[in-house]
Amino acid sequence: MEVIMMLTYDQPGVMQRVMAEFTKRKINVDTIVVGPCETPERSRIVISLRDYDAAMGVIEHLRALQEVIEADMVDHRRHEGYAITLSKGGVCRITGSVEEVEALIKRSEPDKYIEVVNAI
Amino acid sequence: MKGAKAVVELLEKQKTEVLFGIPGGVLLPLYDELVGSKMRHILPRHEQCGAHMADGYARVSKRPGVCIATSGPGATNLVTGVATAFMDSSPLVAITGQVATGVLGNDAFQEADSFSLMMPITKHNFRITETRALPETMKRAFLIATTGRYGPVHIDLPMDILQQEVADEDMKKKVRVPKPRRNLSGLLDAVKLLEEAERPTILVGGGVAWSRAGPEITQLAELLTAPMVTTLMAKGSVPEDHPLVLGVCGMHGRQVANYALNNCDVLLAIGTRFSDRVTGKLSEFGVQTKVVHVDIDSSEIGKNVKGRVGLVGDAWTVVNALIAGLKERKKRANWKDRIIELKKECTCDYDLKSDPIKPQKVVHEMSVCLPDDAIVTTEVGQNQMWASHFYRCYGKRMFITSGGLGTMGFGFPAALGAKVARPESIVADIAGDGSLQMVSQEFATAVENDIPVIICLMNNGWLGMVKQWQKLFYDKRYNATNLGKSPDFVKLAEAYGAEAIRVERHSEVSDALKEGMKADVPMLLDFVVDPEEDVLPMTPPGKSSSEWIRGRCRWKGGGE
């Protein structure tokens with residue numbers, strides 16, 4: 001899975017313009033997450049898709065848009081994992097890279113856990 | 001200050017000299033404020049032509065052309081003109097009226113979602129929904145149109161914004177637009193490739209025409225002893241009488257240009273997006289070639305042809321950097337001499353002395369007769385390809401054509417815009433009878449506003465280019481290409497108050513052109529040309545340029 005993350009202005013029409021770049025190139029995206037971000041009047045758009053070449057092909061075009069401030073591919077190594085586990089010791093929150101979190105869960109064998117992978 | 005007055009003031013502050021616009025219901029406040037403005041207003045007879053005029057104006061003046069249309073049908077009519085400018089990276093500021101913000105989205109009278117309509121065919125577009133954003137948006141539009149890669153910008157302007165008060169402090173707001181980042185990290189690699197190349201060739205694209213880097217590229221070519229090949233959009237940006245300039249390449253290009261393109265070992269491509277009309281079959285294009293791709297728009301690098309070395313920056317800057325970087329230059333006398341020799345073999349003038357008139361003859365006479373600062377525009381189709389192949393563009397001559405979108409009916413209004421931008425030059429439109437009939441109402445604009453251009457009509461009674469393809473690739477099953485009942489073009493022009501001459505003999509072509517250059521009113525030269533004449537040589541679509549159709553071309557094809 002490839003993830004593209006964008007910082008954009010928060011105004012009507014931005015999604016239409018961003019998605020047009022995908023439509024034009026016949027790219028089917030898997031997920032879109034968008035919302036206002038920590039800076040006022042800015043939004044963050046996170047799009048995931050499966051095709052690496054398509055993602056690489058579209059990113060420069062996204063950067064060229066006036067309303068897009070930054071657009072980057074998210075480095076896989078940077079994927080952060082977050083998990084909540086429940087075991088004898090009580091509720092435990094684990095954060096770290098996806099691999100670290102999974103290794104820790106495996107080792108501690110909790111009774112229940114909810115995991116959130118690739119939380120950005 | 002009312003919004004409408006603010007718009008007029010902001011346009012004047014941008015040093016706008018001329019507006020090409022058609023008013024309408026929602027634009028009444030704006031047109032009321034335009035009364036007494038020192039900006040010239042030209043009223044085209046169709047919004048599309050207003051955009052083409054602004055486009056022609058921009059291509060000559062290298063400044064944004066401004067066109068105005070009303071909401072709904074005005075905006076939809078403008079779409080073709082704006083898309084034409086977008087595909088050829090021409091700076092426009094297109095303003096459309098819009099219904100008041102209160103009824104926006106309610107299907108009001110003459111409402112269309114022009115913001116969405118224009119979005120994919122502009123570099124950027126705005127819909128102003130708050131009066132305080134008006135001054136900032138207007139300034140930003142002009143900046144965006146001419147920063148980095150040029151392009152059209154559209155502003156959708158609801159009527160109530162024009163009627164509301166704009167605060168003075170908003171008018172004073174300063175605006176900045178980020179400049180595209182230059183990336184010359186590949187410069188050393190590029191220099192190394194060029195230094196070591198045995199058969200370097202330069203492909204000059206439309207970006208060079210906008211950047212006006214022709215003289216520097218010529219200098220670089222002389223340093224490298226490399227031939228220069230141009231795309232259709234770059235025709236005229238390097239002088240075609242220079243021994244190293246081989247002319248336009250591509251589907252209907254000159255064979256020697258295609259030869260150089262296909263046989264070079266290092267290709268320096270500047271300001272071009274490798275259109276399918278240039279490359280033919282993409283998979284076979286330059287299989288053996290190493291490409292150095294220079295473009296101001298980083299998204300173009302590697303889009304169509306995978307560039308091994310990409311340099312991001314405007315043509316003028318990068319070419320100067322390359323000139324400074326080149327030290328050890330190999331002597332490549334073999335390649336240069338061979339190309340110059342091949343070019344000589346490919347320089348036939350097509351001064352065809354037979355009747356009915358051959359279109360090549362008309363273009364040949366234009367090459368001979370027009371002054372060195374003439375501006376030639378073309379429509380789209382056979383007329384355009386004859387012009388690109390046979391017209392000689394050198395000195396201060398300019399060549400303006402709709403290359404990317406291929407809009408029939410572009411040339412005549414663009415010629416009017418060009419003449420407005422440079423009234424001292426002779427402006428001639430090479431037209432076809434199909435194209436001209438799409439915009440013939442603009443004779444009214446030309447006569448009314450006293451814009452004397454020459455229309456050289458290649459009248460063959462057909463939608464010639466489509467007919468040619470039906471002939472070559474569809475077994476002569478002609479369908480919907482014969483323009484059986486065309487008007488009498490001489491009478492048509494005269495009805496509008498223009499002058500016109502019908503020319504039916506090859507011996508009269510040059511005299512008619514001279515007559516046209518003397519005229520101080522718009523002049524139509526109706527050349528009745530041979531309908532059986534095709535645009536050849538040609539590389540068929542989807543084929544590589546080794547599989548060309550020869551026609552009258554006597555070139556030996558590099559003698560392999």
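Visitor: In β14(B), which residue is the bridge partner of B:V376?
Guide: Two strands pair if DSSP finds at least two bridges between them. Here B:V376 has B:F399 in β14(B) as its bridge partner. Strand β13 (residues 375-378) of chain B pairs with β14(B) in the parallel sense, over 3 bridges.

Visitor: How should I read the names and the model?
Guide: This is a predicted model, where local features need pLDDT of at least 70, side-chain atom pairs count only at pLDDT 80 or more, and totals for chains, interfaces and linings use all residues. Residues are numbered from 1 along each chain as its sequence is written, while chains are lettered from A and ligands numbered from 1 in the order in which they are written. Helices (H or I, at least four residues) and strands (E, at least two) are DSSP runs, numbered from the N terminus.

Visitor: What is the strand order in the open sheet of 6 strands in chain B?
Guide: The order is β14-β13-β15-β16-β18-β17, with parallel pairing. β14 (398-400) and β17 (499-503) of chain B are at the edges, each with a single partner strand, so one side of each has no neighbour in the sheet. From one strand to the next, the twist averages 20°. Angles run from 0 to 180 degrees between N-to-C directions, with axes as lines fitted to C-alpha atoms, for helices over the stretch in contact.

Visitor: Which strands of chain B does helix α23 touch?
Guide: Two residues are in contact if their C-beta atoms, placed from the backbone, lie within 7 Å. Helix α23 (residues 509-518) of chain B packs on the sheet and touches β16 (454-459), β17 and β18 (523-528) of chain B. Its direction makes about 170° with that of β18(B).

Visitor: What is the order of the open sheet of 4 strands in chain A?
Guide: It reads β2-β3-β1-β4, with antiparallel pairing. The edge strands are β2 (31-36) and β4 (68-73) of chain A. The twist averages 15° from one strand to the next. Strands β1 (residues 2-9) and β3 (residues 42-49) of chain A run antiparallel, joined by 8 bridges. In β3(A), A:S43 is the bridge partner of A:T8.

Visitor: Which helices pack on that sheet of chain A?
Guide: Helix α1 (residues 14-24) of chain A touches β1, β2, β3 and β4 of chain A. Helix α2 (residues 52-63) of chain A touches β1, β3 and β4 of chain A.

Visitor: How many residues does the contact take from chain B and from chain A?
Guide: It takes 9 residues from chain B and 8 residues from chain A.
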